[in-house]
Amino acid sequence: MDDRLLQYFIDPRTSKILLDIVRENRITVKRLCENNPGTPRSTMYRILNKMEREGFVEVVDYQQKRGTVEKTYSPSSSLKMGPDPNDVSSDDIAVLFMSFCVGFANQFREYALKHPGKLDARNGVFGYWTAPVYATDRELQVLIENFGQHIDRYSKKDADGDRKLHSIGFIVSPPADDVSGEGPQ
């Protein structure tokens with residue numbers, strides 16, 4: 001996987017922008033700014049220009065609007081197809097997973113640095129947990145699909161009032177070698 005693409009997914013702001021582009025398939029800068037009100041238009045153009053230079057998005061339409069040009073962006077064909085599963089090694093998967101974890105850890109760290117003393121789970125809505133689950137592959141697939149449907153409803157909402165951007169991660173581990181339920185001996 002391209003490390004540059006990974007950097008977009010680690011950052012919650014650029015991740016949301018890229019996901020908006022993929023979800024909509026064709027989206028204007030105006031609409032991206034409406035979906036991401038915390039991102040100034042000039043910053044949005046800088047991010048999009050970088051994504052375009054790196055080959056992750058492409059401009060598919062130009063519309064003249066009152067003396068300016070409104071661009072419409074679409075995910076590049078390589079982004080639509082995703083990585084070639086034959087090119088993703090076990091090491092690549094491990095690196096992606098570690099980057100995913102580091103991305104979350106960085107969000108907590110940055111918040112703690114910006115808001116000393118406020119990273120207190122009793123006074124905020126954030127956290128992390130694990131739950132052992134015994135499930136078939138099909139049951140896990142249904143669980144993941146249901147989780148995705150719930151998250152999708154909230155990922156389409158705009159920031160307003162008390163609504164702030166959060167990242168929610170969902171990890172399903174590979175199966176444990178011990179399936180007896182007795183744990184380590």
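Predicted model: local features only at pLDDT ≥ 70, side-chain atom pairs only at ≥ 80, totals over all residues.

Visitor: In which sense do β1 and β3 pair, and over how many bridges?

Guide: The pairing of β1 with β3 is antiparallel, over two bridges. On β2, eight bridges link the strand to β3, residues 68-75, and these two also run antiparallel. Among the facing pairs, Val59 is opposite Tyr73 in β3, and Gln63 is opposite Glu70 in β3.

Visitor: In what order do the strands lie in the sheet?

Guide: The sheet is open, with three strands in the order β1-β3-β2. Since β1 (27-28) and β2 (57-65) are at the edges with a single partner strand each, one side of each has no neighbour in the sheet.

Visitor: Which helix packs on the sheet and touches β1, β2 and β3?

Guide: That is helix α2, residues 12-24, whose direction makes about 80° with that of β3. Helix α4, residues 41-53, lies across β2 and β3 and runs at about 50° to β3.

Visitor: Is β3 mostly covered or mostly open?

Guide: β3 is mostly covered, with six of its eight residues buried. As background for reading any strand, in a regular strand the side chains alternate between the two faces of the sheet.

Visitor: Which residues touch the most other members of the largest nonpolar core?

Guide: They are Ile17, Ile21, Leu48 and Met51, in a core of 18 residues. Two or more residues come from each of α1 (3-10), α2, α3 (29-35), α4 and β2. The most come from α4, which gives five.

Visitor: What does Ile21 touch, leaving out residues up to four places away in sequence?

Guide: The contacts of Ile21 include Leu32, Leu48, Met51, Val57 and Tyr73. Arg26, Ile27, Ser74 and Pro75 are also on its list.

Visitor: Where should I look for a positive phi in a residue other than glycine?

Guide: Look at Asn25, with phi near 70°. Asn25 sits in the loop between α2 and β1. Its relative accessibility is 33%, so Asn25 counts as partly exposed.

Visitor: Which residue takes a positive phi in the hairpin of β2 and β3?

Guide: Arg66 does, with a value near 40°. That hairpin has two residues between the strands.

Conventions
Residues numbered from 1 in each chain as written. Heavy atoms only, no water. Pairing = 2+ DSSP bridges. Helix = DSSP H or I, 4+ residues; strand = E, 2+ residues; numbered from the N terminus. Contact = heavy atoms within 4.5 Å. Axes fitted to C-alpha atoms, helices over the stretch in contact; angles between N-to-C directions. Buried < 20%, exposed > 50% of the residue type's maximum accessible area, 1.4 Å probe, protein only. Core = buried A, V, L, I, M, F, W, Y, C linked by side-chain atoms within 4.5 Å.
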